[in-house]
Every structure is written in C-alpha cells, then in structure tokens.
Amino acid sequence: MSTEKNIQTVKDFFAAIGGGDREALLALVAEDIEWIIPGKDWPLAGTHRGHAGLANLLETASKSIETSTEPREFIAQGDRVLVVGFAKGTIKATNKTFEDDWVFAITVRDGRLTNIREYVDTQALAQAAQMDASGAARSSNTQP
C-alpha cells in the first residue's frame with residue numbers, strides 16, 4: 001500500500017478509538033495485532049496481543065482513565081507510520097490529572113495495523129496513578 005493509504009488507515013484507527021467504534025477498530029487491525037506499551041506501575045503497560053488483548057486493553061483503559069487524545073503529526077515511510085500526539089486526562093482511581101506527549105510507531109500491512117509500539121510519558125501516568133499505603137491518592141507536586 002502507499003504511504004498515503006497507510007496514514008489514512010492509521011487516522012481511521014484513531015477515529016475509531018475516539019468514537020468508541022469497536023467494529024471499525026477490529027476491522028482495521030490484524031488478528032495477530034501486537035500493541036506494546038513500555039513501563040510499569042500502571043495498568044496499561046505490557047504487551048497486548050490479538051483482538052482479545054486489544055479488547056482487554058481498551059476495557060482496562062476505559063475503566064481506569066478518562067482521556068482526550070490528539071494525534072498531531074503523521075510521518076510515514078514504507079509500512080511504518082509514526083504518529084506524534086498529545087493526551088490529557090484523569091486517572092479515575094486517584095482523580096489526578098496528567099498531560100502526556102506521545103509517539104506511536106505503527107506497522108501497517110495489507111491495510112491493517114499489525115504492530116503498535118506506544119511511547120508515552122510513563123512517569124507522568126504512574127505518578128497520577130499512585131496511591132499511598134491506605135489506598136488514598138498520593139499527593140504530588142508535579143501534577144497540575
């Protein structure tokens with residue numbers, strides 16, 4: 001596929017996520033999709049595989065985070081599309097806000113996303129998700 005078509009596929013993917021359109025989302029990803037989110041100390045980190053892994057990731061995200069995501073730039077070469085964007089939101093368990101500049105490195109083959117590697121500010125997200133020993137949200141001077 002052309003780089004323009006790959007970019008459009010990725011834009012459609014973000015639109016499906018933003019619109020909560022599970023059917024469109026699954027149509028845009030390969031059966032063996034792999035979505036990697038590096039990091040620790042927050043529930044979305046890890047490697048998520050296949051449609052079941054994707055569904056689990058999105059369900060975990062909807063239960064734990066309220067967020068607005070803004071893809072700002074799409075850069076493509078061959079079957080790779082890099083997306084540079086910004087997100088802000090709230091961790092539901094702590095009611096703490098975060099701001100996050102991110103990059104997604106996405107592989108598109110035959111019109112479907114096959115691999116996503118998400119580079120996010122895991123420190124900001126982990127801090128916003130942190131609780132103290134009593135289970136209360138830990139205060140942090142770094143959060144807005």
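Two strands pair if DSSP finds at least two bridges between them. Strands (E, at least two residues) and helices (H or I, at least four) are DSSP runs, numbered from the N terminus. This is a predicted model, in which local features need pLDDT of at least 70 and side-chain atom pairs pLDDT 80 or more, while totals for chains, interfaces and linings use all residues. Residues are numbered from 1 along each chain as its sequence is written, and side-chain values use heavy atoms, leaving out hydrogens and water.

**View 1. Here is the open sheet, built from 6 strands in the order 2-1-6-5-4-3 with mixed pairing.** Strand 2 (46-49) and strand 3 (65-77) are the edges, each pairing on one side only.

**View 2. Strand 3 meets strand 4 (residues 80-91) through 12 bridges, and the two run antiparallel.** Look for glutamine 77, which stands opposite arginine 80 in strand 4.

**View 3. Ring pairs link Phe13, Phe14, Trp35, Trp102 and Phe104 into a cluster.** Rings of Phe, Tyr and Trp (its six-membered ring) pair if their centres lie within 6.5 Å; planes under 30 degrees apart are stacked, over 60 edge-to-face, and the rest tilted. That rule gives 6 aromatic pairs. Phenylalanine 13 and phenylalanine 14 have ring centres 5.7 Å apart and planes at 80°, so their pair is edge-to-face. Both are buried (under 20% relative accessible area with a 1.4 Å probe, protein chains only; exposed is over 50%, partly exposed in between).

**View 4. Tryptophan 35 and phenylalanine 104 also pair edge-to-face, at 6.0 Å centre to centre and 70° between the planes.** Tryptophan 35 lies in strand 1 (residues 29-37) and phenylalanine 104 in strand 5 (residues 96-109), so this pair ties together parts 69 residues apart in sequence.
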